[in-house]
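Hello,

Here is the structure for you to take over. Please open it first, then read my notes below.

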Amino acid sequence: MIGMFSWEILESACKTCNRCRLAENRTNVVVGGGNRKAKILLIGEGPGEKEDLSGVPFVGPAGQLLDKMLACIDLSRNDVYIANVVKCRPPGNRDPEPDEKNCCIEYLRYQFALIKPQIIVCLGRIAAQSIIDSKFRITKEHGIWYKKKNCWMIATYHPSALLRDAAKKRTAFEDLKEIKKKIDELGIISEDNE
Ligand code: URA
């Protein structure tokens, strides 16, 4: 368990973490990125190759598409904080194993407590199953709002899934419009990054 409550302690706990096998081959721990004062938390699956090399989330091809998706609803990285279910790269970009997710979820809970987001957007099945419901079916349940712990949660397709299957982009765009509607409804306005 992490004792004190600050970004500095979280970062140093993550960077020295050896709780699971993903620590063995990592170049960098990808703690998160964007605006720590944002009211919108995006949650992906785990770092890929470019993220492992840079220590920054969503900087590869999926990240470029994510930036375009955000721009569609007038958001930039300064309006959101981005984290992942696991903070170290699974080898060959395989899905994270249950024990790896369990080891890492405490850090994400800690980030949730620091950010206090009003909206969480799960990017893809892995995030939605970790955050919303362990049986979440992304094809059926994307675009639906859930409210937990005073926070609105929704899932949409992971940008990597959209890169593999462009036919899903139209559906993802509908989800993005839902998210924009909620942002306007809640009157969320961005605060400057610290
Ligand atoms: N895919 C993810 O799920 N997260 C990243 O940070 C990059 C790619």
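Four aromatic pairs turn up in this predicted model. One to look at involves W7 and Y81. Their ring centres are 5.2 Å apart. The planes meet at 45 degrees, so this pair counts as tilted; the tilted class lies between stacked, under 30 degrees, and edge-to-face, over 60. The two partners come from distant parts of the chain, 74 residues apart. W7 belongs to helix α1, residues 7–15. Y81 belongs to strand β3, residues 81–84.

Now the ligand. Which residues surround the ligand? They are G44, E45, G46, E51, P57, F58, N84 and H158. By class, that shell has two nonpolar, four polar and two charged residues.

A polar backbone atom of E45 is 2.7 Å from an oxygen atom of the ligand. At F58, a backbone N or O atom lies 3.1 Å from an oxygen atom of the ligand.

How much of the ligand does the protein cover? On its own, the ligand has 240 Å² of accessible area, and the protein covers 93% of that. As for the site, the ligand takes up the space of the largest pocket.

Best wishes

Conventions:
Residues are numbered from 1 along each chain as its sequence is written. This is a predicted model: local features need pLDDT of at least 70, side-chain atom pairs count only at pLDDT 80 or more; totals for chains, interfaces and linings use all residues. Side-chain values use heavy atoms; hydrogens and water are left out. A residue is near a molecule or strand if one of its heavy atoms lies within 4 Å of it. A polar contact is a pair of N or O atoms within 3.5 Å; within protein, one must be able to donate a hydrogen and the other to accept it, and residues adjacent in sequence count only if both atoms are side-chain atoms. Accessible areas come from the Shrake-Rupley method with a 1.4 Å probe; for residues, only the protein chains shown count as cover. On a 1 Å grid over the protein atoms alone, a cavity is a set of points where a 1.4 Å probe fits but cannot get out, and a pocket is an open set with protein on both sides within 12 Å along at least five of seven lines; lining residues have an atom within 4 Å of a point. A molecule sits in a cavity or pocket if more than half of its atoms lie within 2 Å of its grid points. Ala, Val, Leu, Ile, Met, Phe, Trp, Tyr, Cys and Pro count as nonpolar, Asp, Glu, Lys and Arg as charged, and the others, Gly among them, as polar. Rings of Phe, Tyr and Trp (its six-membered ring) pair if their centres lie within 6.5 Å; planes under 30 degrees apart count as stacked, over 60 as edge-to-face and the rest as tilted. Helices (H or I, at least four residues) and strands (E, at least two) are DSSP runs, numbered from the N terminus.
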